[in-house]
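I opened my notebook to record what I looked up in this structure, one topic at a time. The entries follow the order in which I went through the model.

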Amino acid sequence: MSDRVYKKLEIVGTSPNSIEEAVANAISQASKTVRELRWFEVIETRGDIVDGKVSHWQVTVKIGFALES
């Protein structure tokens, strides 16, 4: 097994439906331009409130990916 080096990037995913969907949206978008995605960490969760109800979720995630040799 060879040694690997990883890098993390921080992005914010959003969704009107759920935290999980916001995370999935962030990962899906990142995977379009970044190769070798390996893991994610949820750093922060927040949302908008309209008329006393959650109207939108925002989730900050750090996504780890392997650097290419």
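How many aromatic pairs does the count come to? I first noted that this is a predicted model, in which local features need pLDDT of at least 70 and side-chain atom pairs count only at pLDDT 80 or more, while totals for chains, interfaces and linings use all residues. I also noted that residues are numbered from 1 along each chain as its sequence is written, and that side-chain values use heavy atoms, with hydrogens and water left out.

**Entry: aromatic rings**

I found that the count comes to one aromatic pair. The rule I used is that rings of Phe, Tyr and Trp (its six-membered ring) pair if their centres lie within 6.5 Å, with planes under 30 degrees apart counted as stacked, over 60 as edge-to-face and the rest as tilted. The ring centres of Tyr 6 and Trp 39 are 5.3 Å apart and the planes stand at 65 degrees, so I wrote the pair down as edge-to-face. Tyr 6 belongs to strand S1 and Trp 39 to strand S2, 33 residues apart, and the pair therefore links distant parts of the chain. Tyr 6 is partly exposed at 40%, and Trp 39 is partly exposed at 34%.

**Entry: the sheet and the helix**

I took helices (H or I, at least four residues) and strands (E, at least two) as DSSP runs, numbered from the N terminus, and I let two strands pair if DSSP finds at least two bridges between them. Three strands make an open sheet in the order S1-S3-S2, with antiparallel pairing. Strand S1 (6-15) and strand S2 (37-50) stand at the edges with a single partner strand each, so one side of each has no neighbour in the sheet. From one strand to the next the twist averages 15 degrees, where axes are lines fitted to C-alpha atoms, for helices over the stretch in contact, and angles run from 0 to 180 degrees between N-to-C directions. I counted ten bridges between S1 and strand S3 (residues 53-66), and Lys 7 has Phe 65 as its bridge partner in S3. Helix H1 (residues 19-30) lies across S1, S2 and S3 and runs at about 40 degrees to S3.

Is Thr 60 buried or exposed? Thr 60, in strand S3, is buried at 5% relative accessibility. Its side chain joins that of Arg 46 in a polar contact of 3.2 Å, that is, a pair of N or O atoms within 3.5 Å of which, within protein, one must be able to donate a hydrogen and the other to accept it, and residues adjacent in sequence count only if both atoms are side-chain atoms. Ala 30, in helix H1, is buried at 7%. Leaving aside neighbours within four places in sequence, Ala 30 is in contact (heavy atoms within 4.5 Å) with Ile 11, Leu 37 and Ile 63.

**Entry: two loop residues**

Glu 36, in the loop between H1 and S2, has a positive phi of about 65 degrees although it is not a glycine, and Glu 36 is partly exposed at 36%. Asp 51, in the loop between S2 and S3, has a positive phi of about 55 degrees and is not a glycine either, and Asp 51 is exposed at 77%.

Note on methods. Buried means under 20% relative accessible area, exposed over 50%, partly exposed in between (1.4 Å probe, protein chains only).
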